[in-house]
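Here is a friendly note to read alongside the model. Please keep the 3D view open and look up each residue as it comes along.

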Amino acid sequence: MDESVHSVYPADHTTARRTGRRSGVTPGAAPAKPRVRATTERQHGRSRTNDPERTQAEILAVAKTEFAEKGLDGARIDEIAAATRTSKRMIYYYFGSKEGLYVAVLEAAYRETRAAEAELRLDDLPPEDALRKLVGRAFDRCMQNQWYVRLVANENIQRGKYIAQSKAVQQLNVTVIDAIDSICKRGVEQGVFRSGLDPVDLHASISALTFFNVSNQHTFGRIFQIDWQNVQTVTARRDSIIEMVVRFVRK
């Protein structure tokens, strides 16, 4: 959000200011008081300060890429401020510090991921179909939001120091475990899944299989000459992961 006050003068008034004349003003007449400009500046100021949610959302949108690409240590608040057309002061006002912004980005990332899963309406589907849909969405989220995988990888470099400070992240991730647990229990009750499945363990396996295609795409791709931009390659990998998870839980 741009905190600077932009000039409200139209382009053709630039020349008028330089010549000391105003368009539409009779020569010799007293210049009009700049009330319109002052009023507009006040209105613009109010519109910015009265929309903190939008400002914070814009900051988070830019910050997630900055932290994902450069990590906490490499990211620069100056660059985030410049990209959002705001100021360091405003960022610190909303988030307290660079670390505070980083934690907020982590929370927003997990919130966005869990919200995407909630849209699936898995309880309306047979257990195997629900599991297939959940794994497919996890794969798609990683491939389409690679910043998320890199962000999580960077937090692992930090040994989970900052994610441990967030109670929100802990609560946000309860929903995916509950969803997997519900699918597994329904599958066991219907006689299609084996018993003894641990939802956290299954979530770990799904995460490992879906994260790998982003986190290791460059090394693995170069070693084995795999083109991760090829639609057929990605689709085949997606189908393979879904099938592996489903076969693992089948009775």
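1. Let us begin with a residue on the outside. Arginine 159 counts as exposed because its relative accessible area is 78%, and the cut-off for exposed is over 50%. Its place is the loop between helix 8 and helix 9, the latter covering residues 167-172. The backbone here deserves a look too: phi of arginine 159 is near 60°, a positive value in a residue that is not glycine. Please remember throughout that this is a predicted model.

2. Where does arginine 121 lie? Arginine 121 sits in the loop between helix 6 and helix 7. Its phi is positive as well, about 55°, although arginine 121 is not a glycine. With a relative accessible area of 59%, arginine 121 is exposed.

3. Now step back and take in the whole chain.

4. Sequence distance and spatial distance are separate things, and the contacts show it. Take the contacts in the protein with a separation of 6 or more: 72% of them are accounted for by residues 24 or more positions apart. The next points give individual cases.

5. Asparagine 154 is one such case. You will find asparagine 154 in helix 8. Is asparagine 154 buried or exposed? Asparagine 154 is buried, because its relative accessible area is 17% and the cut-off for buried is under 20%. Along the chain, asparagine 154 and glycine 71 are 83 residues apart, but their C-alpha atoms are separated by 5.5 Å. Leaving aside neighbours within four places in sequence, asparagine 154 is in contact with Phe67, Ala68, Gly71 and Tyr102. For phenylalanine 67 there is a further detail: its backbone oxygen lies 3.4 Å from a polar atom of the asparagine 154 side chain.

6. Glutamate 66 is a charged residue to check next. It belongs to helix 3, residues 52-74, and it counts as buried at 11% relative accessibility. Which backbone atom lies 3.1 Å from a polar atom of the side chain of glutamate 66? That atom is the backbone nitrogen of arginine 76. Apart from neighbours within four places in sequence, glutamate 66 is in contact with Gly71, Gly74, Ala75, Arg76, Glu79 and Ile80.

7. Leucine 209 takes us to helix 11. With a relative accessible area of 21%, leucine 209 is partly exposed. Neighbours within four places in sequence aside, the contacts of leucine 209 are Arg237, Ile241, Met244 and Val245.

8. Follow the chain past helix 13 (231-249), and the segment after it holds arginine 250. Arginine 250 counts as partly exposed at 33% relative accessibility. Its side chain is joined to the side chain of glutamate 128 by a polar contact of 3.0 Å. Not counting residues up to four places away in sequence, arginine 250 touches Glu128, Arg132, Val192, Phe193, Arg194 and Glu243. The C-alpha atoms of arginine 250 and glycine 191 are separated by 9.0 Å, and the two residues are 59 apart along the chain.

9. Finally, please look at the largest pocket, which has a volume of about 360 Å³. Of the 21 residues that line it, the closest to its centre are Arg114, Tyr148, Asn173, His203 and Ser207. Several helices each supply at least two residues of the lining: helix 6 (98-118), helix 7 (127-144), helix 8 (146-157), helix 10 (174-189) and helix 11 (199-215). Which helix gives the largest share of the lining? Helix 11 does, with five residues. Sorted by kind, the lining residues are 13 nonpolar, five polar and three charged.

Notes. Residues numbered from 1 in each chain as written. Predicted model: local features only at pLDDT ≥ 70, side-chain atom pairs only at ≥ 80, totals over all residues. Heavy atoms only, no water. 1 Å grid on protein atoms, 1.4 Å probe; cavity = no way out; pocket = protein on both sides within 12 Å on 5 of 7 lines; lining within 4 Å. Points joined across faces, edges and corners; volume = space filled by probe spheres on them. Helix = DSSP H or I, 4+ residues; strand = E, 2+ residues; numbered from the N terminus. Buried < 20%, exposed > 50% of the residue type's maximum accessible area, 1.4 Å probe, protein only. Polar contact = N/O pair within 3.5 Å; in protein donor to acceptor, adjacent residues only side chain to side chain. Contact = heavy atoms within 4.5 Å.
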